[in-house]
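Q: Please take a close look at one part of this model: the place where the two chains meet. What is found there?

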Number of protein chains: 2
Amino acid sequence: VSGRADGETGERGETRAAIIAIGSEMLGPLRLDTNSQWLSARLEEVGIPVVHKSIVGDDLEAIAEELSHASRRGNLIVTTGGLGPTADDVTVAAVARWLGVEVMRNEEFLARMRARFERRGFRMPTTNEKQADFLVGAHVLENPRGTAPGFWVRRDDVELVILPGVPSEMREILELSVLPRLKERSSGIVARRRVLRIAGMGESAVEERVAPVYEKWKEHPVTILASPGEVQLHLCVRAEPSRAEETVARMEQDFAQALAGRVFGRDGEDLSATVGRLLRDSGRTLALAESCTGGMISSLLTDTPGSSAYFRGAVVSYANSVKEEMLGLSRRTLEEHGAVSQEAARQMAEGARARFDTDLAAAVTGIAGPDGGTPEKPVGTVWFALSERDREVVAKRRSFIGDRGMVRRAASLYALELLRRHLEGSLA
Amino acid sequence: VSGRADGETGERGETRAAIIAIGSEMLGPLRLDTNSQWLSARLEEVGIPVVHKSIVGDDLEAIAEELSHASRRGNLIVTTGGLGPTADDVTVAAVARWLGVEVMRNEEFLARMRARFERRGFRMPTTNEKQADFLVGAHVLENPRGTAPGFWVRRDDVELVILPGVPSEMREILELSVLPRLKERSSGIVARRRVLRIAGMGESAVEERVAPVYEKWKEHPVTILASPGEVQLHLCVRAEPSRAEETVARMEQDFAQALAGRVFGRDGEDLSATVGRLLRDSGRTLALAESCTGGMISSLLTDTPGSSAYFRGAVVSYANSVKEEMLGLSRRTLEEHGAVSQEAARQMAEGARARFDTDLAAAVTGIAGPDGGTPEKPVGTVWFALSERDREVVAKRRSFIGDRGMVRRAASLYALELLRRHLEGSLA
């Protein structure tokens, strides 16, 4: 991993955010706070770095202390959670204490809450009344999706944005009432990200190819993230909006060029959708023969809506007899070379193409582990083959590292990447 | 959701933990801190509540300030991250500053590090040397999986456990060197959790069945979590170890009884492993015919190591012609009833059992969406069939809600649940 530390960009005078997630359940093992990560992304887009994140329980004193601590780290504090109607929701009371202000029941809001319950045929429970207790002097942030409003309030040079913890409510209030204001008075510096996605190459191979481009763009942070079967390059440019857009586009071009056709997609584009688009555009149909991947490639391909237009089906040939009977793999190949061999992969691909009567077929056979490895064919050994009408069969062997799940996933993505490169005409 | 607030249990004199995740990348939008959640679970098991969690960047001053803050909230601070070899890893230096102690290079450890690199044929980069800088006076926690060791050190009445951020390394050190010591001197109150897992039933149906049991055990927190195709009941008992074990076992029994055979597994047991065990124990083999699930059931089944002992294979029959040619579905059935029908599911299951020559076969055919729905067969309609040698075919229809991914996942888990109940002899 390379790249500038995201949290270290704040200079005095700039806005620096601290996020506090409030809720005792997030201190236990069952609930993960995901609001903070989403908030980080949105704040970054308007040029505000997050310098501190924390989780505290629903406790008056703990929340007040956390506000003091957070206000020493940042000058914009965003809290989520603790605005509900039950006794353990104490965020408003804690903020009031920290600010040294009162809360006051807003009768007009209370009447509207009651009316809303009545329209749905319910009587409003008394406990909900406290959601009409507003912080005196605070700007109220309307909540179109729920009962509890948010608040925006200032103490000295620290601003405090108080949001509910329900993700959909929190997101809507932030996008509707918070981000536009932050954007308006932002220094004009925003962050633009682009994710370049690569399959079928290891992290170090990607790093080696892009090293000169890293150097050229070293003032902008680039992060490499690797998962089984996929490597992602995250580019990030902080500048005024049009310059940020333009710079990230030029960076993308340079990185993509260094990777010579190996970028399968950007941002949210996934590999199975890319393969699907190439198949559809070229009017070709596909079948699969899956052994060690056990149906995972088919499952990935059919995740994409409309895949029935090009994907006819697959044989998951887990038993060797199935490879013989349903894919036409010869007994002799099995005996001479074994089920995990170039010859077996080739025959499986040809067999699948013939049985399903498709333009194209791919086959995968390998050893996912944990058992079944031998010195010549250790766990992680996988053979791939591609068969296309009137063309030579292409076969590749790869060795994947990791546990059963990692080998299966890496092999599945590698098969899709082979298909992608074949369809783009770039497969050697 | 019910349950006592997890973070509010600490009394003076008891151990209360604060967790600090160190790493600037976790302040940005790309990385989520998941170590803290795992740590919460392990600490809870030895009776230590977590009262505060935070994330700070790789910054000397920020880390030292966070240690001061955390030491006011808890008396056991666990940090993760910032022990790597690069310039931005400053956790050891920050802790040394906060403790007011020196760091000292451990030459013996350094020699061992060098030797390890050399055994793998590399020269150790100079940057790695700093990983041999140990905190003076700290107990060193060996890291069997990586270079950086952890540390355990005390300042006044606060204990500090410093761990690497790489999850596998962090976990191993905690389990090997930290938990046993914490357990030894714990107050005697521990938490025991049990997760009961249910498939093929909705959240409200589960809640309805267990309502009387909830009431009986209301002093212990029970949480319901739902995801597509699965509902989990999380039971939790805090007491001294043997009483906690015994109580959670009695709760489990009561809840399982109320659910009358619908609990497919507990804790980490998954449905495909349970089905696999039942198949293996009864010596039966299985084949699948998958349409709308597109290979997902096969993929789930073959996630389990050793699945080749009972799973022979599958036909993913995405195109109707494949259903005819490879599964023997009749043209007449397709024309009269359509591919999504009881008749089609039955013929597909029988066809798969015959083609793969297995004891048992399951078939799934449905409309995952977003397109393809009709008023009679809306998106989410799925037919299931089970065929077993010398027995009547069983067929079921279900309507799932949600997007394409949710329908596919729920249908896959439902098919596995049908198999489980059939194998246990409890399918009506």
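**The interface of chain A and chain B**

A: Between chain A and chain B, 37 residue pairs are in polar contact, counting pairs with both residues at pLDDT 80 or more. The model is predicted. On the side of chain A that touches chain B, 27 residues are nonpolar, 24 are polar and 20 are charged.

Charged pairs come next. Four salt bridges cross the interface of chain A and chain B. One of them joins E65(A) to R73(B). Their closest N and O atoms are 3.0 Å apart.

Now the extent of the contact. Chain A gives 71 residues to it, and chain B gives 69 residues. The size of an interface is often given as the accessible area lost when the parts come together. Here chain A and chain B bury about 5500 Å² between them. Carbon and sulfur atoms account for 55% of that area. Three residues stand out on chain A: L27(A), P29(A) and L30(A). They supply 12% of the area that chain A buries against chain B, more than any other three residues.

The largest nonpolar core has 74 residues. Those touching the most other members are F311(A), F384(A) and L416(A), together with F311(B), F384(B) and L416(B). A second, separate core holds 40 residues. Among them are A319(A), I367(A), F356(B) and I367(B).

Take L416(A) as a close-up. Neighbours within four places in sequence are left aside. L416(A) is then in contact with L271(A), S272(A), V275(A), I297(A), L300(A) and L301(A).

Conventions:
Residues numbered from 1 in each chain as written. Chains lettered and ligands numbered in written order. Predicted model: local features only at pLDDT ≥ 70, side-chain atom pairs only at ≥ 80, totals over all residues. Heavy atoms only, no water. Core = buried A, V, L, I, M, F, W, Y, C linked by side-chain atoms within 4.5 Å. Buried < 20%, exposed > 50% of the residue type's maximum accessible area, 1.4 Å probe, protein only. Contact = heavy atoms within 4.5 Å. Buried area = accessible area lost by both parts, 1.4 Å probe. Salt bridge = Lys/Arg side-chain N within 4 Å of Asp/Glu carboxyl O. Polar contact = N/O pair within 3.5 Å; in protein donor to acceptor, adjacent residues only side chain to side chain. Nonpolar A, V, L, I, M, F, W, Y, C, P; charged D, E, K, R; others polar.
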